[in-house]
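Subject: Structure handover

Hello,

I am passing on the structure below, followed by notes on what was found in it. Please keep it open while you read.

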Amino acid sequence: TLSTPVLEGRGMTPARLDLMFFVHTQSGLGIAQRDLRRGLGVSAPTVSRMLRSLETLGLVVRTPVSVDRRQRWVQLTALGHALVRRARKRLLRRTVPRWVATLVA
């Protein structure tokens, strides 16, 4: 995929980056894990596994929701936000010239 070269050596996968982009777009406040699962269209165990990996890398934090302790609130850490911004810039630098070239051709 286009994102693979951007992620090399960071312990990231395209799926993890998609998850982080989705969390990043939620006004910076985070998102309920249940809503993240629904938004990405993947199973609860898949989201849990990806989030566990991202927590280990220090890119996200999960905190229990006060009204329902079974639910978790997911937020990017400062490091997570920085990685998303860097990845977005790199992806744009890689894809925009290709996209423009196809328009001109």
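**The sheet**

Strand β1 pairs with strand β3 (residues 68-76) in the antiparallel sense, over 2 bridges. Two strands count as paired if DSSP finds at least two bridges between them. Helices (H or I, at least four residues) and strands (E, at least two) are DSSP runs, numbered from the N terminus. Within this pairing, A32 stands opposite W73 in β3.

Strands β2 and β3 also run antiparallel, joined by 6 bridges. One of the residues involved is V65, whose bridge partner in β3 is D68.

Taken together, 3 strands form an open sheet with antiparallel pairing, in the order β1-β3-β2. The edge strands, each of which pairs on one side only, are β1 (31-32) and β2 (60-65). Helix α4 (residues 44-56) packs on the sheet and touches β2 and β3. The direction of α4 makes about 120° with that of β2. Axes here are lines fitted to C-alpha atoms, for helices over the stretch in contact, and angles run from 0 to 180 degrees between N-to-C directions. Contact means heavy atoms within 4.5 Å.

Residues are numbered from 1 along each chain as its sequence is written, and side-chain values use heavy atoms, with hydrogens and water left out.

The protein chain has an average pLDDT (the predictor's confidence in each residue, from 0 to 100) of 82. A score of at least 70 is reached by 77% of the residues. Where pLDDT is low, the predicted coordinates should not be read in detail.

**The core**

The largest nonpolar core has 19 residues, of which M20 and L36 touch the most other members. A nonpolar core is a set of buried Ala, Val, Leu, Ile, Met, Phe, Trp, Tyr and Cys residues joined through side-chain atoms within 4.5 Å. Buried means under 20% relative accessible area, exposed over 50%, and partly exposed in between (1.4 Å probe, protein chains only). Two or more residues each come from α2, α4, β3 and α5 (78-104). Leaving aside neighbours within four places in sequence, M20 is in contact with M12, L54, L59, L76, G80, L83 and V84.

Beyond its neighbours within four places in sequence, L19 is in contact with L36, L40, M50, L51 and L54. The C-alpha atoms of L19 and L51 are 8.6 Å apart, although the two residues are 32 apart in sequence. H24 is also placed in α2 and counts as buried, at 17% relative accessibility. Not counting residues up to four places away in sequence, H24 touches L76, H81, V84 and R88.

**Salt bridges**

How many salt bridges does a search of the whole structure find? There are 3. A salt bridge is a side-chain nitrogen of Lys or Arg within 4 Å of a carboxyl oxygen of Asp or Glu.

- E55 forms a salt bridge with R62, with the closest N and O atoms 2.9 Å apart. Both are partly exposed, E55 with a relative accessible area of 29% and R62 with 21%.
- R34 and D35 meet through their side chains in a salt bridge of 3.7 Å, N to O. R34 is partly exposed at 32% relative accessibility, and D35 is partly exposed with a relative accessible area of 32%.
- D35 and R38 form a salt bridge of 3.6 Å, N to O. These two residues are 3 apart in helix α3 (residues 33-40), so about one helical turn separates them. R38 is exposed, with a relative accessible area of 53%.

Regards

Notes: This is a predicted model: local features need pLDDT of at least 70, side-chain atom pairs count only at pLDDT 80 or more; totals for chains, interfaces and linings use all residues.
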